[in-house]
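Q: I'd like to learn how to read pockets and sheets in a model like this. Could we walk through it together?

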Amino acid sequence: MVVHPSSSKSSKTDHQSQNGHSTVPRHVAIIMDGNGRWAQERGLSRQAGHRAGTENLRRIIRRFAEREVKYLTLFAFSTENWKRPRREINPLMRLVGGVIDRELKSLHENGVRLLHIGSLDPLSGDLQRRVRDAIELTKDNDGLTVCVAFNYGGRAEIVEAVRRVVRDGLSPEQVDEATFAGYLDTRDLPDPDLVIRTAGEMRVSNFLVWQAAYAEYYFTNAYWPDFDETQVDRALDAYAQRIRRFGGLSGKSARPTNGAHPGA
């Protein structure tokens with residue numbers, strides 16, 4: 001299913017732009033939005049929209065691997081999504097388990113490493129076990145890393161990181177940005193270079209609020225089930241045209257060095 005980055009045929013032969021930054025983002029994060037509206041426009045249930053959204057994952061993961069992206073983080077369910085009706089949430093939880101059962105073998109065989117950020121506590125014991133088993137099974141894979149943000153909120157993550165710092169007894173003088181980043185759920189990931197949001201919305205929605213401080217943003221009107229390989233290419237090609245200054249002058253593209261895991 002997934003093409004290893006090392007064996008892909010990317011449309012980019014030179015991955016360095018004129019100002020020195022890589023034209024291929026090392027880490028792409030996506031706010032997957034629009035499943036419900038996609039279904040509504042077709043006279044379908046919201047559950048059908050969520051199914052279509054999960055079925056889209058296979059081709060998207062494949063295409064990002066082909067384009068030599070190393071990390072892909074998918075915002076699947078936020079801490080605020082629990083406000084939705086139980087008639088929508090319960091089928092969604094079953095759908096998550098089904099996706100793991102259906103896709104895990106193929107992902108593992110193609111070298112994909114799976115990670116999770118957020119809290120698993122509200123999930124059923126069975127679903128927690130499936131998620132942890134998937135992470136354990138793929139932990140040594142060296143292909144594309146796919147991180148699923150499920151029951152995740154950026155503010156909740158920061159609050160929990162502060163609690164960890166306090167529990168560890170660090171003094172104020174011991175805490176800098178790099179140290180703090182090491183207490184976040186994303187401590188094993190580089191910061192995102194590109195954040196994509198589908199379905200025409202233009203807001204961050206509490207997603208990677210610390211990590212995406214210097215990310216490039218790309219917004220598209222395409223609903224998530226319609227976000228196909230062509231849409232991926234458009235987003236990545238738009239990123240390749242950006243000039244990343246990181247607070248410096250044009251032509252100066254060195255990333256800040258005070259993060260725990262600087263990206264490309």
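Q: How much space lies in the largest pocket?

A: Rolling a probe the size of a water molecule over the atoms shows where empty space is left. Here, about 1100 Å³ lies in the largest pocket. A pocket is an open set of points on a 1 Å grid over the protein atoms alone, where a 1.4 Å probe fits, with protein on both sides within 12 Å along at least five of seven lines; the volume is the space filled by probe spheres set on the points. This is a predicted model: local features need pLDDT of at least 70, side-chain atom pairs count only at pLDDT 80 or more, and totals for chains, interfaces and linings use all residues. Residues are numbered from 1 along each chain as its sequence is written, and side-chain values use heavy atoms, without hydrogens and water.

Q: Which residues lie nearest the centre of the largest pocket?

A: Lining residues have an atom within 4 Å of a point. There are 47 of them, and Met32, Phe75, Ala76, Phe77 and Phe150 lie nearest the centre. Helix H4 (86-109) is one of the contributing elements, and H4 gives the most, with seven residues; helices are DSSP runs of H or I, at least four residues, and strands are runs of E, at least two.

Q: In what order do the strands form the sheet?

A: Two strands pair if DSSP finds at least two bridges between them. Six strands form an open, parallel sheet in the order E3-E4-E2-E1-E5-E6. The edge strands, E3 (113-117) and E6 (216-219), each pair on one side only.
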